Amino acid sequence: MILAGLIEDTESYRDAIASLLQLTTEVQLAGSWRDAETAIKEVPDILPDVILTDIQLPALNGIECIRRLKADCPNIQFLVLTVFEEDEKIFEALKAGASGYLLKSASPEMIISAIKEIHNGGSPMSPGIARKIIRHFQEPLMESGQKIFTEREKQVLDLMAQGKLVKEIAADLGVTSHAIKKHIKNIYQKMQVQNKVEAVMRWKFNQP
């Protein structure tokens, strides 16, 4: 039996998923919450195997909720169930600790299958989401690869990939934070990305 948790603020959808889980003998709803704050307090006492969570929640969003719960309960697998299809939301959720990403348009059968798949070590995703991720990483950093970056930009990318902040990168390289911000702006333009998460993931993927 797979113990599932659900974090969803829309009552009608939360009830629909709860009803769906009651129809299967393989998954049991261990708890449901309408906000991240309550879930963060109560989940450690329940320890579901899988938690389904929306991204848009009343106060703390689902991505931050995943990040905090994953730190305290690393064995829980998180499946995002949302309407958001934006690249930034997808990559932020995966970086926070989500192992799967489904759109709310997914069929009931797909949702149940995804819960079982994620519990067995898989990473279920809606077809459109999977295609976005594949397309994102298959796009090379232009034909010449790393040659599009200056040596300084490569250093900045390496330090960004280590999780360092702008001021830390500036200190490591002996330059001003303003200079680093200019390098990062140029990096984003060359990569055609919008944020640090996308830049770092593309950089790591294209390393030999």
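Biologist: Buried means under 20% relative accessible area, exposed over 50%, and partly exposed in between (1.4 Å probe, protein chains only). Which residues of helix α8 are buried?

Modeller: In α8, residues 166-173, they are Ile169, Ala170 and Leu173. Helices are DSSP runs of H or I with at least four residues, strands are runs of E with at least two, and both are numbered from the N terminus. This is a predicted model, where local features need pLDDT of at least 70 and side-chain atom pairs 80 or more, while totals for chains, interfaces and linings use all residues. Residues are numbered from 1 along each chain as written, and side-chain values use heavy atoms, without hydrogens or water.

Biologist: What covers the buried side?

Modeller: The cover includes α7 (151-161) and α9 (177-191).

Biologist: And how do α7 and α9 pack?

Modeller: At an angle of about 90°, with their axes 10 Å apart. Axes are lines fitted to C-alpha atoms, for helices over the stretch in contact, and angles run from 0 to 180 degrees between N-to-C directions. That makes α7 roughly perpendicular to α9 (65 to 115 degrees; under 35 is roughly parallel, over 145 roughly antiparallel, the rest oblique). The contact (heavy atoms within 4.5 Å) includes Val156 and Leu157 of α7 and Ile184 and Ile187 of α9.

Biologist: New topic. What order do the sheet strands come in?

Modeller: The open sheet has five strands in the order β2-β1-β3-β4-β5, with parallel pairing. Two strands pair if DSSP finds at least two bridges between them. β2 (27-33) and β5 (98-103) are at the edges with a single partner strand each, so one side of each has no neighbour in the sheet. The twist averages 25° from one strand to the next.

Biologist: How many bridges join β1 and β3?

Modeller: Four, between residues 2-7 of β1 and 50-53 of β3. Ile7 has Thr53 of β3 as its bridge partner.

Biologist: Which strands does α1 lie across?

Modeller: Helix α1 (11-22) lies across β1, β2, β3 and β4 (77-82), at about 160° to β2. Helix α5 (108-119) lies across β1, β2, β3, β4 and β5, at about 155° to β4.

Biologist: Last one. Is Glu8 buried or exposed?

Modeller: Glu8 has 1% relative accessibility, so it counts as buried. Glu8 sits in the loop between β1 and α1. Beyond its neighbours within four places in sequence, its contacts include Tyr13, Arg14, Trp33 and Lys104.
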